[in-house]
Amino acid sequence: MPDLAGAVWPELPERPLLVVPLGSVEQHGHHLPLTTDTVVAEAVARAAGLDAVVAPALAYGASGEHEGFPGTVSIGTAALTTVLVEYGRSACRWAGRLLVVNGHGGNLDALRAAVPLLRAEGRDAAWFACGVPGGDAHAGRTETSLLLHVEPGAVRTDRSVPGVTTPVAELLPRLRAEGVRGVSPTGVLGDPAGAGAGEGARLLGGLAARLTAAVARWDPGDDGRLR
């Protein structure tokens with residue numbers, strides 16, 4: 001899996017699949033790093049073992065719902081949409097396909113706007129979401145387990161505290177009105193209790209397998225998401 005960051009141009013294959021991890025810089029409770037979503041997106045992109053070139057991650061996303069907490073840096077949906085469109089237009093001058101592997105739910109509106117536009121312009125772009133079915137929403141057991149496997153030194157397990165465990169669907173009206181801080185003073189939507197590296201390895205393996213299968217099918221929906 002060639003790494004774009006360390007490559008020289010003659011080494012790059014002709015018309016490759018270019019995989020771009022997309023994350024965020026936002027609070028993840030008392031125990032997970034601000035770059036958690038980026039770390040997860042990069043790990044999934046690499047664990048899939050695709051015949052692809054992996055680009056440096058786009059580390060800033062649309063995280064306005066977390067701006068009540070220090071450390072969060074959000075560029076917003078409009079700016080992220082523009083970044084993704086211009087990135088795709090440039091990269092697809094030499095890449096045959098472009099795949100964005102997304103680690104943050106707040107980036108979805110930008111992806112749903114940017115990727116269909118790129119496709120309408122004739123560029124073979126798509127995106128994949130690093131979501132775990134049945135997982136908790138933010139900085140709970142799911143993300144904590146993934147980080148304990150991928151980057152255990154970054155997890156402050158002695159500081160972890162639970163957050164609100166109400167299903168996100170029920171919390172959405174308040175999240176939109178008050179942001180995460182208004183709903184969960186700890187910044188956690190879930191409970192990290194019981195998280196472990198073994199569970200994280202299984203979760204990463206599942207995500208990587210889903211990504212591999214989705215790329216093999218390469219069947220983007222109307223919103224550009226690989227199915």
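Biologist: Why is G200 called buried?

Modeller: This is a predicted model, and in it G200 has a relative accessibility of 0%. Buried means under 20%, so G200 counts as buried.

Biologist: Where does G200 lie, and which residues is it in contact with, leaving aside its neighbours within four places in sequence?

Modeller: G200 is part of helix α6, residues 197-217. With those neighbours left aside, G200 is in contact with S145, L146 and H149. Contact means heavy atoms within 4.5 Å. T144 is 56 residues from G200 in sequence, while their C-alpha atoms are 7.8 Å apart in space.

Biologist: What does A62 touch, not counting residues up to four places away in sequence?

Modeller: A62 touches S74, G76, T77, L80, H104, G106 and N107. As for A78, it is 16 residues from A62 along the chain, and their C-alpha atoms are separated by 8.7 Å.

Biologist: Now the sheet. How do you know that β1 and β3 pair?

Modeller: Pairing takes at least two bridges between two strands. Strand β1 (residues 17-22) and β3 have six bridges, in the parallel sense, so they pair by that definition. In this pairing, L18 stands opposite L98 of β3.

Biologist: How many bridges join β1 to β2?

Modeller: Two bridges join them, and the strands run parallel. At least two are needed, so β1 and β2 pair under that definition. L18 takes part here as well, with V53 as its bridge partner in β2.

Biologist: What joins β3 to β4?

Modeller: Five bridges do, between β3 and strand β4 (residues 125-129), and the two run parallel. L98 has A125 as its bridge partner in β4, and N102 stands opposite A129.

Biologist: In what order do the four strands form the open sheet, and which are the edge strands?

Modeller: The order is β2-β1-β3-β4, with parallel pairing. β2 and β4 are the edge strands, because each pairs on one side only.

Biologist: Why is β3 said to be largely enclosed by the rest of the structure?

Modeller: Five of the six residues of β3 (residues 97-102) are buried, so the rest of the structure largely encloses this strand.

Biologist: And what makes β4 mostly covered?

Modeller: In β4, five of its five residues are buried. In a regular strand, side chains alternate between the two faces of the sheet. On one side of β4 are A125, W127 and A129, on the other A126 and F128, and all are buried, so both faces are covered.

Biologist: Last topic: what volume does the largest pocket have, and which residues lie nearest its centre?

Modeller: The volume is about 1200 Å³. The lining has 34 residues, with H104, G105, G106, L108 and A137 nearest the centre. Elements giving two or more residues to this lining are α1 (36-47), α3, α4 (141-150) and α5 (168-183). The most come from α5, which gives six residues.

Biologist: How do the lining residues of the largest pocket divide into nonpolar, polar and charged?

Modeller: They divide into 14 nonpolar, 11 polar and nine charged residues.

Methods:
Residues numbered from 1 in each chain as written. Predicted model: local features only at pLDDT ≥ 70, side-chain atom pairs only at ≥ 80, totals over all residues. Heavy atoms only, no water. Buried < 20%, exposed > 50% of the residue type's maximum accessible area, 1.4 Å probe, protein only. 1 Å grid on protein atoms, 1.4 Å probe; cavity = no way out; pocket = protein on both sides within 12 Å on 5 of 7 lines; lining within 4 Å. Points joined across faces, edges and corners; volume = space filled by probe spheres on them. Nonpolar A, V, L, I, M, F, W, Y, C, P; charged D, E, K, R; others polar.
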